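Open the model in your viewer and keep the selection tool ready. We will go from stop to stop, selecting a few residues each time.

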Amino acid sequence: MKTEPEYGDQAFRRKGLLGQTPEMTYGGALSFLRRSYSRDLQGADVVVSGLPYDSAVTYRSGARLGPRAIRAASVQLAELKSFPFGFQPFEHLAVVDYGDCFLDPHHPETIISTIEAHISQILAAGASPLTFGGDHFVTYPILRAIAKQHGPVALLHFDAHCDTWDDDGTRFDHGSMFLRAKREGLIDVTHSVQVGIRTYNDSDHGFRILTAPWVHREGIKRTVEEIYERVGNQKLYLSFDIDCLDPAFAPGTGTPVVGGLSTAQALGIVRSLGQLNLVGMDVVEVAPAYDLSEVTALAAATLAHDYLCLLAEKKGAVRAPIGLL
């Protein structure tokens, strides 16, 4: 009798953390990019995990289902060598999918400490976190863990909103936590940049703000130059709120604002960040109930995928693009 080939369901069948084998895009276990599900972090360079929390939203809820949607949308990205890089990132970069952090919504007082401990465990294993929200408040406890490991870090924040409105130090609010992070010394705003902003605040609180109209007018190249000039050699945490994209490209989010970046603009910027000192990334605010044909989740998955390609380059992967770029 013919035996089943050693293909498919690599999320739990793969031996080791490197490499890629064939999967049915329409079947199989839905880990992110078909990486192994594991709580054993030994040898991992990057740990993917989800934070399914959305009780800090100010408008439409639903981002708690974001991690599931991003994983499902990643299936085609695991089929071929990565575009436009021209390499297979997992020949160089060891990535595991940790699953989702278990959060108790009935005891909100535990949320911050649970997320912080979750990220701290990943950092203690010598790995870098790639985290899927959830609403944007989850970045605050992530930064608490990051700062304990690395000290105050530069923040590269993609968003329609500044998320630095007044904060009383205790509120659960996805629109104020970066002001709290500044006040607590978790981020170094003198080296931090916000990209795509198109809502108003009376103060920039020291951030370098590249608004959406400015990015549209000046273009990807100038935006990247500004980011490099501002960040320099500082350790950098990247936080991408999917509502940075215009609702035409990312309808599946809780607080959509017109006039945002296109998916192509966002990818062009992120793909140019490989020379920066990256220490982690999150992609947040994907709310699949408002999505159309997975377009928002696919954008989120691709941004996270391309971030991993940047890290693979740091591990020795070499770009081999085909065609004019």
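Which residues of α7 are buried? Keep in mind that this is a predicted model. Select Gln 265, Ala 266, Leu 267, Gly 268, Ile 269 and Val 270: these are the buried residues of α7.

**Stop 1: around α7**

Six of the eight residues of α7 are buried, so the helix is largely enclosed by the rest of the structure. Now find what covers them. Show β5 (154–158), β6 (193–197), α6 (212–231), β8 (235–241) and α8; the cover of the buried residues includes these elements.

**Stop 2: α7 against α8**

Two packed helices are described by the angle between their axes and the distance between the axes. Select residues 263–270 for α7 and residues 295–314 for α8. The two helices pack at an angle of about 15°, and their axes are 10 Å apart. Angles under 35 degrees count as roughly parallel, so α7 is roughly parallel to α8. The crossing of α7 and α8 is right-handed.

Next, show side chains. On the α7 side, pick Thr 263, Ala 266, Leu 267 and Val 270. Their partners in α8 are Ala 299, Thr 302, Leu 303, Asp 306 and Leu 310. Colour this contact by class: it has six nonpolar residues, two polar and one charged. Look at how these positions are spaced along each helix. An α-helix has 3.6 residues a turn, so residues three or four places apart point the same way.

**Stop 3: α7 against α6**

Keep α7 on screen and bring α6 back. How do their axes cross? They come within 9 Å and cross at roughly 15°. α6 and α7 are therefore roughly parallel to each other. Their crossing is right-handed.

Select Val 215, His 216, Ile 220, Thr 223, Val 224 and Ile 227 in α6. They meet Ala 264, Gln 265, Gly 268 and Ile 269 in α7. In this contact of α6 with α7, six residues are nonpolar, four are polar and none is charged.

**Stop 4: α2 against α8**

Show helix α2, residues 66–73, together with α8. The axes of α2 and α8 come within 8 Å and cross at roughly 75°. That makes α2 roughly perpendicular to α8.

The classes are quick to list: seven nonpolar residues, no polar and no charged.

**Stop 5: Asp 291**

Go to the loop between β9 (277–284) and α8, and select Asp 291 there. Is Asp 291 buried or exposed? Asp 291 has a relative accessible area of 14%, so it counts as buried. Leave aside its neighbours within four places in sequence, and Asp 291 is in contact with Pro 251, Gly 252, Thr 296 and Ala 297.

**Stop 6: cysteines**

How many disulfides does a search of the whole structure find? The search finds zero. Select Cys 244 and Cys 162. The closest cysteine sulfur to that of Cys 244 is in Cys 162, 13 Å away, which is too far for a bond. Cys 244 is buried, at 0% relative accessibility. Cys 101 counts as buried too, at 8%.

**Stop 7: the backbone**

Most residues other than glycine have a negative phi, and most peptide bonds are trans. Here are some exceptions to look up.

- Select Phe 83 and Pro 84: the peptide bond between them is cis, with omega near 0°. Pro 84 sits in the loop between α2 and β3 (95–100).
- Select Gly 133 and Gly 134: their peptide bond is cis, with omega near 20°. Look for Gly 134 in the loop between β4 (128–133) and α4 (139–150).
- Select Asp 9, in the segment before α1 (10–13). Its phi is positive, about 50°, although Asp 9 is not a glycine. Asp 9 is partly exposed, with a relative accessible area of 26%.
- Select Leu 33, in the loop between α1 and β1 (36–37). Leu 33 has a positive phi near 55°. At 1% relative accessibility, Leu 33 is buried.

Conventions: Residues are numbered from 1 along each chain as its sequence is written. This is a predicted model: local features need pLDDT of at least 70, side-chain atom pairs count only at pLDDT 80 or more; totals for chains, interfaces and linings use all residues. Side-chain values use heavy atoms; hydrogens and water are left out. Axes are lines fitted to C-alpha atoms, for helices over the stretch in contact, and angles run from 0 to 180 degrees between N-to-C directions. Helices (H or I, at least four residues) and strands (E, at least two) are DSSP runs, numbered from the N terminus. Angles under 35 degrees count as roughly parallel, over 145 as roughly antiparallel, 65 to 115 as roughly perpendicular and the rest as oblique. A crossing is left-handed if the near helix is turned anticlockwise from the far one by less than a right angle, and right-handed if clockwise. Contact means heavy atoms within 4.5 Å. Ala, Val, Leu, Ile, Met, Phe, Trp, Tyr, Cys and Pro count as nonpolar, Asp, Glu, Lys and Arg as charged, and the others, Gly among them, as polar. A disulfide is a pair of cysteine sulfur atoms within 2.5 Å. Buried means under 20% relative accessible area, exposed over 50%, partly exposed in between (1.4 Å probe, protein chains only).
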